[in-house]
Amino acid sequence: MVAPRLAIHRLRLALDCPPGPAERTARQAATLLASTLDERLAARLPEHGPRDAARDGPEGEPVLLIRRLTVELSHSTADPLEALAERLAEAIAAGVARAAAARAGGLCFPSRAAYTAAFLEALLDGSAWSRWWFRGFAGLAALPVGAAVRAVLSRDWAAAPAVLAACPPAVRARLWTALTPQDAAAVLAALAAGPAGAPTPAAWTTAARALLDGADLPDAVAALAVVAEVAATPDSRGIGWLVPVAARAAALRPALRNGFAKAGPSLDRASGGEAAGAAPPVGLPPLPTPLLKALRQALAAATAGSEAGQGERWRTSPLLGFALLLPALHALPIDAAVRDWPAPAPSLAAADLVRLLLLSACAGRDRALWRAPLWRDLHGLPGPFDEAALADWARRVPPAAWRGLARALSEAGQPVPGLPRALPRALPRALISGQAARTALGAVAARLLLELARRLPGFAGASPDFLRVNLLGAGGSALIGRRQVRVRLDRPPLDVLLGMTGLAECEARLADGRVLVLERSP
């Protein structure tokens, strides 16, 4: 049995009395009430029933929030002031009990973890700071969303797994697009220091599925997503054991897909048990054998579903804001301009590769967009087509062809005033090293960004960095189908501009004939 806690944000005592000696009594009553009310309330609050041992800790206690509770009492100056203090404490405790029993006059959350999860959901949709019941988080209002999420979890690291587990799956998916890799790494480090626990058979299956669902997330964020999904399983008891495993698995995701075909027989023969440290078969990354088996099964199921036309699923990515450029990008005559170029790979068209390179140039020096599986899948890049294959193909395209591409995609071959001069150097040299190729891709990417800026009221001269931070850098989720691509964009800092222009709520035709549907998150 554990006594509940009561916090009163503001207590206002209004003591009405006739003039004369009663005024002195009122002042004495105010002093007495202010100094003894806490103790008297603690003695009167009803006890909870037995706590769930699996939820032992602050996160397991129900949370009741009452915006306003009014208590009216009359008191005779002939009675001792202690009697007034006792009656006031009794009336407040009774009012709280009535609100809790009737679920009226306040908001009740089944646990502190559920309350914190509700705040995270409101934080993501931008409504947290307009809701009185989240006033206790007001100190986080000036932080970026990702930093605020990290700060919330850091209030009690022991409760952080329960908070993540209390978030609905859709909210957790949005959390991953809001967190930076640095924030996710800090959360992982703190969770690793918590209770180690032990894996269960269901944990491996859940971890494998989460790894596949997080294919488009940065490594640290993908690892945190795996940990959170396993924490949400009913039998989860401690996740410290999983943090290093999830971190290794997230970093080795590209090698996993390529390694299963060669190591299949040895994986079947491996026993490995359920231990987190079980050695993997030869040819596969250093991960526990139960996780590798679960991954192979999940990959096989995903492949079978894809071949049967059932593989479409919503996928999250922190870089989906660049989908705002897709309508203008696919309106360019890229297919005609590169018709005679060599094919990058047997199943990859040069036009699709050029489009992905142009988006990568718009994203800047960071190669995250080029490497993101979601963007590669959207443009048809096969898994084995890596940066070395790209460099080899780019060298096979003569400089004159790159210059011709820039001319073909410009308006009547004339330069556009206002093109940022630095943008041609924004594409990482590890992707494209030739000067002609970098200049051509940078010039066309600059045009795409400039055209986007010109559609924003009052921001026609916005710089590429400004657009990336305030519009294009937001995350979202995508459903990539055979006939349609739906992109649901998270709300960026300047979401009001998207609402004014309709840029994030439109349809367009992609170069391969599919319909692109852009929509804003509710």
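**Figure 1. Cysteines and disulfides in the predicted model.** The structure, a predicted model, holds 0 disulfides. A disulfide is a covalent bond between the sulfur atoms of two cysteines. Two cysteines are shown in close-up. Cys167 has a relative accessibility of 2% and therefore counts as buried, the cut-off for that class being under 20%. Cys362, at 0% relative accessibility, likewise counts as buried.

**Figure 2. Strand E4 and its cover.** Strand E4 comprises residues 476–480 and is mostly covered, with 5 of its 5 residues buried. Gly476, Ala478 and Ile480 point one way from E4, whereas Ser477 and Leu479 point the other way. Both sets of residues are buried. In a regular strand the side chains alternate between the two faces of the sheet.

**Figure 3. Pairing of strand E3 with strand E4.** Strand E3 spans residues 314–317 and is joined to E4 by 4 bridges. The two strands run antiparallel. Within this pairing, Thr316 has Ser477 of E4 as its bridge partner. Ser477 is also one of the buried residues of E4, on the side to which Leu479 points.

**Figure 4. The hairpin of strands E4 and E5.** Strand E5 covers residues 484–489 and pairs with E4 in the antiparallel sense over 5 bridges. Together E4 and E5 form a hairpin, with 3 residues between them. Across this pairing, Ile480 stands opposite Val485 in E5. Ile480 is buried and points from E4 the way that Gly476 and Ala478 do.

Technical notes:
Residues numbered from 1 in each chain as written. Predicted model: local features only at pLDDT ≥ 70, side-chain atom pairs only at ≥ 80, totals over all residues. Heavy atoms only, no water. Disulfide = S-S within 2.5 Å. Buried < 20%, exposed > 50% of the residue type's maximum accessible area, 1.4 Å probe, protein only. Pairing = 2+ DSSP bridges.
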